[in-house]
Structure formats: C-alpha cells, structure tokens
Amino acid sequence: MAKNNKKRKSQAKPAPVQTQNQNINNTNQAQKSEAKQVKTPEVKQVAKVKARNSEFQAEFKKKALRLGGTLFAVTAVTGFILGIVHWVTDIAIKEAERAARNVAFQNVMPAAKDFETMEVAADDFVAGVQKATDESGIVGYCLTVNSKGYGGNVNFIVGITKDGTIKAINIMSHSETPGLGARSTEPEFYEQFNDRKAPLKVVKGASNGESEISAISGATITSNAVTNGVNAAFEYWQKNLK
C-alpha cells in the first residue's frame, strides 16, 4: 500500500506543472486577444483619418486647379476686353485730336485747301510744321508751338503767310490759372496777333503800335509765353521756310 501511494504521488506531481503552463498560455492568449481588441479600433480610426485626409487633399487639388483655370480664363478675357477698349479709345482720341488740329489749321490759314506735314528742324519752341496750299501753290505755313507759361506749356498753332505775316494763332491746350492765364483762349487776347508783323512785344495796358500786344490783366507770364512763342515761330520761318 505504501508503495502504491508513492507511485500515485510521483505520478500526480507533473499534473500541476502542466496545468500551470496551460494557465499561463491561456492568460497570454487572453492578453493578446484583449490587446488586439484594444488596438484594432484605434488602427481602424487612424486608417479612416488617413483616408479622409487623402480624399480631402485630392479634392482640394482638383478645386485649386479648377479655380486657377477659372481665374486664368477670367483674367485673359478681361485683359483682352481692356486691350480692345484701350485700342478703340486711343483711336477715337487720336481721331478727335487730328480733327481739332485740322480745324485749327484752317482757322489760322483760312485761304488754304490742303495741309501737308513737313519734317521739323530741331527747335526749342516749334514742334510741328504743316505746309498750307491751295490751287495756286503755297499760301503759308502752320507751326505748332509749345511755350512755357505760368502753369505749364501753352500749346498753340501759328499761321504765317508766305510773305511772313502772322495771319492768326489758335490756342490748343494750356495749364494756366482760370480767370487769369486761361483768358488767353478769349478772342480779346488772341485776335491781337491777327495780321501782325513779328517781332512782337507785350505791354501792360493798351497797346499803342503794330508791334505791341496788350497783356492779360494779372497774367503777364502767360501773355509773354504766347508772344514769345509767336516770335519763335516767325524766327523758325525765317531760317527754314522763307
């Protein structure tokens, strides 16, 4: 009986070791299973976020490309329209200026039928010359003059007949003071130059001779600017056109 008990004890000893190992394995598997269960939702969430980010970036790129293309198209069309408008406006302005100058040429040289543009010699005052003709030939010249006034250049045209008479002048543009130098565009002042012989000089008050021009009251600088320009046109005619 004692021997049988010893055998039973020796046979029963390994059992607890196997049971313990099995318990440890079960515990490890349970922990791994639990870890998987814990990590799996987080991994899935990260994957979803990454997927959404990729989709967002792709959509953003598409929208950016569409917006860039739209802006480019709008800019191109707008630039084209503005270019056309500028071109048309520029043509209209130049045509209006040309028409105004033709009227001015006719005003200072009424006997002429045609006006031919001539090459201009270097000069501080004269910026343009037109030869005025009729059926018989040359009747005179129209000289475009820029002269320094009080507020800036006074631009005007001087008509000089072929015998050197100042036929008339026509003020085209100026920057003179309203009520003072701007009165140079009034007939009371510019008609003083009609059918005069240069050189001319400015005097204050009433003029007393064929060579005198009565200054605009309070605008002596403008009066001198116009008169000096007329004298410069006459000198140009003497040197280059006579």
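Modeller: Arg-183 and Glu-186 form a salt bridge, with their closest N and O atoms 3.6 Å apart. The term denotes a side-chain nitrogen of Lys or Arg within 4 Å of a carboxyl oxygen of Asp or Glu. The model is predicted, and therefore local features need pLDDT of at least 70, side-chain atom pairs count only at pLDDT 80 or more, and totals for chains, interfaces and linings use all residues. Residues are numbered from 1 along each chain as its sequence is written, and side-chain values use heavy atoms, with hydrogens and water left out.

Arg-183 is partly exposed, at 26% relative accessible area, and Glu-186 is likewise partly exposed, at 33%. Here, buried means under 20% relative accessible area, exposed means over 50%, and partly exposed lies in between (1.4 Å probe, protein chains only).

By the salt-bridge rule, the count comes to five. Among them is the pair Glu-116 and Lys-131, whose side chains meet at 3.7 Å, N to O. Glu-116 belongs to strand E1 (residues 114-118) and Lys-131 to strand E2 (residues 126-134), so this pair ties together parts that are 15 residues apart in sequence. Strands (E, at least two residues) are DSSP runs, numbered from the N terminus. Glu-116 is partly exposed, with a relative accessible area of 46%.

Another salt bridge joins the side chains of Arg-66 and Glu-59, at 3.9 Å from N to O. Arg-66 counts as partly exposed at 49% relative accessibility, and Glu-59 is partly exposed at 36%.

Terms used
Helix = DSSP H or I, 4+ residues; strand = E, 2+ residues; numbered from the N terminus.
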